[in-house]
Amino acid sequence: MRLNIRHVTSYSFEDPVAYGLQQLRKTPKSTWGQTVTDWRTDISGGTREVSFEDNHNNVVELISFEREATHVTVTSSGVVEIDDTAGIMGKHKGPSPLWLYLRSTPLTHAGQGVRALVRAARDGENDLDKLHLLMAEISAAVTYEVGASYPDWTAEKALEEGRGVCQDHTHIFVAAAREMGFPARYVSGYLMLNDTLTQDAMLAWAEAHVDGLGWVGFDVSNSISPDPRYVRVATGLDYLQAAPVTGTRIGGAEETLRVDIEVAQQ
């Protein structure tokens with residue numbers, strides 16, 4: 001499948017910005033089953049300073065805001081070809097060792113709630129079955145609800161509340177999979193929806209490493225493994241390492257943020 005993607009992030013500030021610097025992780029990866037045929041980043045009100053790959057093989061672009069800017073727009077767009085791999089991403093590659101993805105983070109700490117899910121998922125017949133069972137257990141325990149959670153919610157907090165969004169589902173899955181002994185990572189990316197062209201946020205899902213298969217994707221919020229509608233962009237131990245935008249600024253009070261994403265089959 002060949003997908004056209006356009007991701008526009010627009011900032012408006014009541015007061016001019018004195019200084020601003022951001023890291024962008026919005027460029028898809030060319031990996032097994034996914035080929036980026038064209039991609040570009042256009043910036044209004046700022047400058048692209050440098051681009052590099054981090055230790056998770058994410059493409060990171062560093063941009064600065066123009067001094068006294070009141071409007072900044074970042075447009076990322078391109079074309080990506082996706083094959084149907086049944087959610088299997090293949091063997092581990094990159095500078096980070098596989099054991100790194102067993103490491104817990106504050107957002108993916110496994111407490112009492114996560115350990116209860118792990119006990120329920122251990123009844124699976126094999127590793128892959130256990131992970132699919134884990135996905136079902138999380139989906140039943142945490143209702144998907146737009147706007148239900150906050151960015152700093154941990155896996156345990158989302159389980160305690162019993163509601164959340166894709167970020168929360170992914171943190172829970174990653175925490176539980178690691179507790180079960182599977183290297184696991186957070187994935188951010190794009191999804192072509194069947195019922196609408198426009199979206200206001202990227203999607204998050206998880207990947208676990210299974211012996212004999214390699215990395216396998218699990219989208220708890222939609223209860224499926226990724227298909228050709230999914231475009232992988234960034235990976236990390238949790239959201240903080242795969243977030244599409246992180247940064248800092250001085251000035252620019254009263255920020256208004258707008259995100260417009262379009263994903264369509266070419």
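Mentor: Let's begin with K157, E161 and R163, which are linked in a network of salt bridges. This is a predicted model, in which local features need pLDDT of at least 70 and side-chain atom pairs count only at pLDDT 80 or more, while totals for chains, interfaces and linings use all residues. Residues are numbered from 1 along each chain as its sequence is written, and side-chain values use heavy atoms, with hydrogens and water left out.

Trainee: What makes the contact of E207 and R185 a salt bridge?

Mentor: A salt bridge needs a side-chain nitrogen of Lys or Arg within 4 Å of a carboxyl oxygen of Asp or Glu. For E207 and R185 the N to O distance is 2.8 Å, so the pair meets that rule. E207 sits in strand β11 and R185 in strand β9, 22 residues apart; a strand here is a DSSP run of E with at least two residues, numbered from the N terminus.

Trainee: What other partner does E207 have in a salt bridge?

Mentor: R232 of strand β13, at 2.7 Å from N to O. E207 and R232 are 25 residues apart. In total, the structure holds 11 salt bridges.

Trainee: Why is E207 called buried?

Mentor: Buried means under 20% relative accessible area, exposed over 50%, and partly exposed in between (1.4 Å probe, protein chains only). E207 has 1%, so E207 is buried. R232, at 6%, counts as buried too.

Trainee: And how do you know which class D227 belongs to?

Mentor: D227 has a relative accessible area of 23%, so D227 is partly exposed. Its salt-bridge partner R229, with closest N and O atoms 3.0 Å apart, has 17% and is therefore buried.

Trainee: What is the volume of the second largest pocket, and which residues lie nearest its centre?

Mentor: Its volume is about 460 Å³. Among its 23 lining residues, S30, T31, W32, K93 and R232 lie nearest the centre.

Terms used:
1 Å grid on protein atoms, 1.4 Å probe; cavity = no way out; pocket = protein on both sides within 12 Å on 5 of 7 lines; lining within 4 Å. Points joined across faces, edges and corners; volume = space filled by probe spheres on them. Helix = DSSP H or I, 4+ residues; strand = E, 2+ residues; numbered from the N terminus.
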